[in-house]
Amino acid sequence: MKQVVQNYRSGELALLDVPVPGCKPGGVLVRSAYSLISTGTELMKVSEAGMSMVGKARSRPDQVAKVMQSVATNGVPATYRKVMGKLDSYTPLGYSLCGVVEEVGAGVDDVKAGDLVACAGNEHALHAELNWVPKNLYTPVPDSLAPRHAAFGTVGSIALQGVRQGESRLGEVALVIGLGLIGQLVVQLLAASGVRVVGVDPDPVRCELAERLGAVACGDPASTAVEATVAELTGGHGVDQVYLAAGGGSNEPVELAARLCRDRGRVVDIGKCRLDLPWNAYYEKELDVRFSRSYGPGRYDPEYELEGRDYPIGYVRWTERRNLACFIDLLARGSVDVEPLVSHIADFEDAVETYRTLKDGELKAVAVLFRYPGQAGEAAAPVVAVPAVAVPTESTKPSPARAARTPVRLAFVGAGNYATSMLLPHLAQRDGVELATVVTTTALSAANAQRKFGFAGATTDLDSVLGDESIDAVFVVTRHSSHAELTRRALLAGKSVFVEKPLALTEDELAGVLAAVEESGNDRLQVGFNRRFAPLLQEARKQFGARTGPASLRYLVNAGRLQHGSWYLRQGTEGSRFAGEGGHFIDTASWLLEADPVSVYAVATSGNEDLQVVLRYPDGSTATISYVTTGAPGFPKETLDVLADGKVLRLDDFVRASVHGPRKWVSSRLPKARDKGQSAELAAFVKAVRTGGPMPVPLASLVATTAATLAVRAGLAGGAPVTLAGAR
C-alpha cells in the first residue's frame with residue numbers, strides 16, 4: 001500500500017510503498033476514503049523539516065534539552081546515533097480521515113466489515129491507504145453523511161474540546177482569534193450554541209467566510225472596528241471567552257485577548273501560539289487561562305487509546321471518542337457545515353505535489369482533502385482488497401536447530417529505537433549476514449528499517465516469516481509483554497532466537513518458553529544481556545584475575561526518571577522497570593562471580609521505584625544492586641565494584657575501569673564511546689548460528705537470570721528472601 005511520509009532530517013516528502021498493517025485485537029483495519037490535511041499542524045511540521053539543524057533546534061528547545069540529558073547519560077556518539085536515526089527516518093503525516101472497515105479485530109463488536117467510520121489519531125488516522133485504528137479512536141458514520149465531510153471528524157473534535165473548555169453559555173459573546181480551519185469550526189460550534197461570535201484574522205477572505213458561517217462580525221486584529229464591535233455587543237464589558245486558534249511566533253493574540261476579555265473571563269488556547277502572558281493585564285482582570293488538550297480526555301493516555309479502556313461516563317462525560325461521535329452527529333444533523341471549508345480535493349497519488357503547493361503558497365486553502373482510489377464518486381462501492389502479504393498454507397513443523405547457510409539470513413520482529421540504534425547498525429555491514437525481512441505492526445516502521453538498513457523485504461505478517469525455511473535466526477525486539485510468546489513461536493518454528501531483555505515477565509511465560517524448547521528440541525536462544533561482552537569490562541575482569549574467596553559486588557544503577565508517556569510506565573502490561581531492565585545487572589553480576597544466584601532479597605522505597613536487591617551465590621559471594629530513579633541526572637548511570645582476595649575492580653559507566661591489588665591497573669585512555677558490548681554480543685550470536693556451535697550464553701544461565709529478576713517482585717511482596725528453585 002502507499003502512505004505519505006516525510007524525512008525530518010532532509011525535509012523530503014514521499015508517497016512510499018509500505019507493508020499493509022496487521023489487524024490487531026481491539027481495533028479495526030480501515031481502508032481510507034478521504035483524509036484531511038490539517039493546514040496548520042501539518043504544514044508546521046513540513047516547514048520545520050525544511051529548516052537547518054540549528055533552525056530545528058530553535059523550534060524545539062524541549063527536544064534539545066532531552067538530547068543534552070542523553071549526552072550526559074550515554075555519551076556523544078550513542079546520542080548522535082540515536083538522534084540521527086530518528087531524524088533520518090520517515091515519519092507519517094495525517095490524523096483525521098474517513099474510511100471503510102475492511103477487517104475487524106478480536107474484541108470489537110460495534111462495527112463490521114463494510115461499515116463507514118471516522119478515525120482519529122496521529123499514529124492511526126494517517127494519510128495512507130490502510131490504517132489500523134483502535135476502538136476508542138473511531139466512530140461509525142451515519143449513512144446520510146458524505147464521507148468527505150466525515151473526514152473532518154478529528155479536527156472537529158479538537159475545536160469541540162476547545163469550546164467545552166471555554167464553558168460557553170447561551171447569550172454570551174466570544175472572540176475567536178485565528179480563522180484557519182480550527183477557528184472556522186470553533187465559530188460554527190459557538191454559533192450553534194447560541195453564542196455571539198466575533199472573529200479576528202488578517203486575511204479578509206477568511207473573515208468573510210467566518211461571517212457566512214455564523215460570526216456576527218470579523219476583522220483584522222489591527223482594526224479598531226473589532227474593538228468597537230466587541231464594545232457594542234458587550235456594553236463595554238468585554239467578551240466572556242477568547243479562543244486562541246492562531247499559530248506563529250507573535251505575541252499579539254495573547255495581548256489582544258487580555259485587552260478585549262471581560263473581568264474574570266476565560267482565555268482558551270487551542271492552537272500553538274506564543275504565550276508570553278502580560279502579567280499586569282492578566283492579573284488585573286484575573287483572567288482564567290485554560291489549555292485545550294487536543295481531541296479531549298483520553299488523549300495521550302495509552303490505556304485509553306491503545307488498550308480500549310473507556311472512562312465511566314458518570315465521571316468523564318466527554319471523552320476523545322465521545323467528542324468524535326458528537327461532532328459527526330452535528331455534521332449529520334446539519335448543525336455544522338464543513339463543505340464551505342473545502343478549498344481543494346486532491347487525488348491521493350498527487351499528495352507530494354499538493355503539499356508542495358501548500359508550502360510554497362501556490363495553493364491558498366482552509367481545508368484540503370485527499371481522495372483515495374475508488375472514491376471518484378462517493379456512491380461507488382468500497383474497494384475491499386486482499387492484503388499484500390503472504391500467509392503460509394501449510395504449517396511448518398518445528399525442528400531442532402541446524403547449522404545455517406552462509407550468509408546467515410536474519411529476520412527482525414520489531415524495529416523500534418533500540419533495534420535501529422543499538423543492534424541493526426552493527427549488523428547491516430557485517431560480512432556473512434543478510435538482513436532478510438523486518439516485521440512490524442506498523443507499516444511505516446518496517447519501511448524505515450528496510451530503507452535504512454537494507455532489508456530485502458518488509459511485512460506485517462509474522463507467520464510468513466516463521467514459515468520461511470530460508471530464515472536462520474529471528475530477532476525479537478518488541479515491547480516486553482510480547483517477548484515470551486514471540487520467542488516461543490520462533491523456537492517452535494526451528495529458528496535460532498535473539499530476544500531483547502526481558503525473556504519473560506512472569507513465571508508462566510518463562511515456563512512457556514522452556515516448554516517450547518522441550519517440545520521442539522531447539523535451545524538456540526540468546527537474551528540481549530550485552531554487558532558481559534563489553535570490552536572494557538572483559539579486560540577489567542582479566543586484570544582482576546582468579547579469586548579464591550567469596551566476593552562482594554556492588555552495582556549502582558542511576559536509572560533516572562522516565563518521561564511522561566513512556567511505555568515503560570505501563571506496569572500493568574509491560575511489567576515494572578526492574579522487570580524490564582534488571583536482568584542486565586543480574587547477568588553481569590553472575591558473569592563476574594562465575595555462578596548463578598541461589599536466593600534473592602529485595603526491599604524498596606515507597607512506591608517500589610528505588611530498589612535494593614541482594615543476591616546470594618553458592619560460594620558465599622553476594623551482589624547488591626541499587627536501582628535508583630531519584631538520583632541526579634548528571635551522575636553516571638552505572639558504577640560497579642567487586643571486592644575479593646584483597647583486590648578491588650571498579651567500572652565507571654563503561655568509560656573507565658581500574659583494578660587495585662598487588663599491582664594497580666587503570667584503563668589507559670577514555671574511549672570514544674561507551675561500548676556496552678552490543679557489537680561483540682551480536683558477533684558471537686551470528687557465529688554460533690553460522691557454525692552451529694554453542695550459544696554465547698548457556699540456556700541455564702539465561703533462565704537463572706530471568707528467574708532471579710522475577711523473584712524480585714515476589715521478594716518485595718513477601719518481605720523475605722526468595723530461594724531460587726533449581727539453583728546450582
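This is a predicted model: local features need pLDDT of at least 70, side-chain atom pairs count only at pLDDT 80 or more; totals for chains, interfaces and linings use all residues.
Residues are numbered from 1 along each chain as its sequence is written, and side-chain values use heavy atoms, with hydrogens and water left out.

Now the overall make-up. You'll find 24 helices and 31 strands in the protein; these are DSSP runs numbered from the N terminus, with helices (H or I) having at least four residues and strands (E) at least two. Of the 728 residues, 52% are buried, where buried means under 20% relative accessible area, exposed over 50%, and partly exposed in between (1.4 Å probe, protein chains only). Take the contacts with a separation of 6 or more: 70% of them join residues 24 or more positions apart. Contact means heavy atoms within 4.5 Å.

What sits inside? In soluble globular proteins, nonpolar side chains tend to be buried together. A nonpolar core is a set of buried Ala, Val, Leu, Ile, Met, Phe, Trp, Tyr and Cys residues joined through side-chain atoms within 4.5 Å. The largest one here has 55 residues, and Phe152, Leu181, Leu185, Val186, Leu190 and Leu341 touch the most other members. Helix H7 (residues 181–192) gives the most to this core, namely seven residues. Apart from it lies another core, of 41 residues, including Phe544 and Trp591.

Zoom in on Leu341 for a moment. Leaving aside neighbours within four places in sequence, Leu341 is in contact with residues including Phe152, Leu181, Leu185, Leu209 and Val366.

Next, look at helix H14 (residues 351–360), whose buried residues are Ala351, Thr354, Tyr355, Thr357 and Leu358. They sit on the same side of H14 because they cover an arc of only 165° around the axis, the arc being that of the directions from the helix axis to the C-beta atoms. Just after H14, Gly361 takes a positive phi of about 85°.

H14 also leads us to a sheet, as it lies across S1 and S2, running at about 165° to S2. Axes are lines fitted to C-alpha atoms, for helices over the stretch in contact, and angles run from 0 to 180 degrees between N-to-C directions. The sheet is open, with three strands in the order S2-S1-S4 and antiparallel pairing; two strands pair if DSSP finds at least two bridges between them. Strand S2 (13–17) and strand S4 (90–92) each have a single partner strand, so one side of each is left without a neighbour in the sheet. Strand S1 (residues 2–7) pairs with S4 over three bridges, and Val5 has Pro92 as its bridge partner in S4.

There's also an open sheet of six strands, in the order S19-S18-S17-S20-S21-S22, and its pairing is parallel. At its edges are strand S19 (457–459) and strand S22 (525–527), each pairing on one side only. Strand S20 (residues 473–476) and strand S21 (residues 496–499) pair over four bridges, and Val474 has Val497 as its bridge partner in S21.
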